Amino acid sequence: MKLFSASTILLAATIASTSHAFAPSISSPSSLHQKSVSTSTSLFSSDSSSSSFAENAITIASSISSLKGQTVVVKYGGNAMTTPELATLFCQDVATLQKLGLRIVVVHGGGPMINAMLEKVGVESRFEGGMRVSTEEVVDVAAMVLSGTVNKNISSGISQAGGRALGLSGRDDALLQCEKLWGGSEDDKIDLGNVGQVKVVNTDLINQLLDAGISPVIAPIGMGCKGQEDESVVYNINADVAAGRIAGELKAARVLFLTDIAGVLDKEMTLLKSLSCDDIDDLIGDETITGGMIPKVTYATDAVKLGVQGAFITDGRVPHALLNEILAGGENGLGSGEGGTVVTL
């Protein structure tokens, strides 16, 4: 299944606007009607386009039927937030999927924004083993950026697109409770500062919001576990890890990691559209998957092993990437086949 065109994306949005209690707020009824009329005219101007339209409509309907009422967790990466236009399309995708009856949870990063603020305020930062060493000063800045500007821009953007969203951090209502994470090996540990490993997820809070038709937008800033000495400590959490753990605890139907890569590639640089956890182990073993790609696929396999039905490593630079991967897979739900790699057991 190829990536959906703009006209097919409009079809999904139009279906959404008539299939859910939430009313769209982007376009007036008259402008939406005008768009629909002109789109349908072009789609049905020939037999081939009519057939393509029908096939896409069947695929979308099958996807909606299999996923309606199911939970989908989306990790929205800082490096996928490359332009305001892509950010707007992402928020539109979340709002559309809400209206189609899916339960969407957004977990976001914001590394580039953190880096910019650290430089602005003169706080030094370094990385060890691919992870940011988080001193108290670094965590203060990360919390300010992630829980503040980034989080609220996303939640308000979804609302402006006609959806419902509430911005939270992992400290709110003990949403993400952590233990200190050490880097390195067991024999040669690296102190990463206040970097947290999620141990407890307040799924009751998330489900209460989803039951009310509200998408939680979660900043990966956590706290120590309740009753422990570090309960008051503020922890910086890797957003990919947080998204995978949240998806696993929710037993989500899908988790999507929107990032700035095309997906998993073989040694000839060809996209591998579908992989099992065993396939990934083999590809790491023969060094097809190396370097920074290893943690990305590890987050995906960890989520699947926790009970998520499918994990997607998706190119978030593609317009409407989220909508394409969720709706273009049909009943089997394996994505568009063009927008990244899907990982299953």
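The model is predicted, so local features need pLDDT of at least 70 and side-chain atom pairs count only at pLDDT 80 or more, while totals for chains, interfaces and linings use all residues. Residues are numbered from 1 along each chain as its sequence is written, and side-chain values use heavy atoms, with hydrogens and water left out.

**Stop one: serine 169.** Select serine 169, which lies in strand E5 (residues 165-169); strands are DSSP runs of at least two residues and helices (H or I) of at least four, numbered from the N terminus. Serine 169 is buried, with a relative accessible area of 7%. Here buried means under 20% relative accessible area, exposed over 50% and partly exposed in between, with a 1.4 Å probe and protein chains only.

**Stop two: helix H9.** Next, select residues 277-285, where Cys277, Ile280 and Leu283 are the buried residues of helix H9. Looking down the axis of H9, you will find them within an arc of 120 degrees, so they line one face of the helix; the arc is that of the directions from the helix axis to the C-beta atoms. Now turn to the face away from the buried side, which carries the exposed residues Asp278, Asp282 and Gly285.

Which elements do the buried residues of H9 pack against? Show strand E12 (274-276), helix H10 (293-305) and strand E14 (340-344) to see these partners, with contact meaning heavy atoms within 4.5 Å.

**Stop three: past the helix.** Finally, select glutamate 287, which follows H9 and has a positive phi, near 65 degrees.
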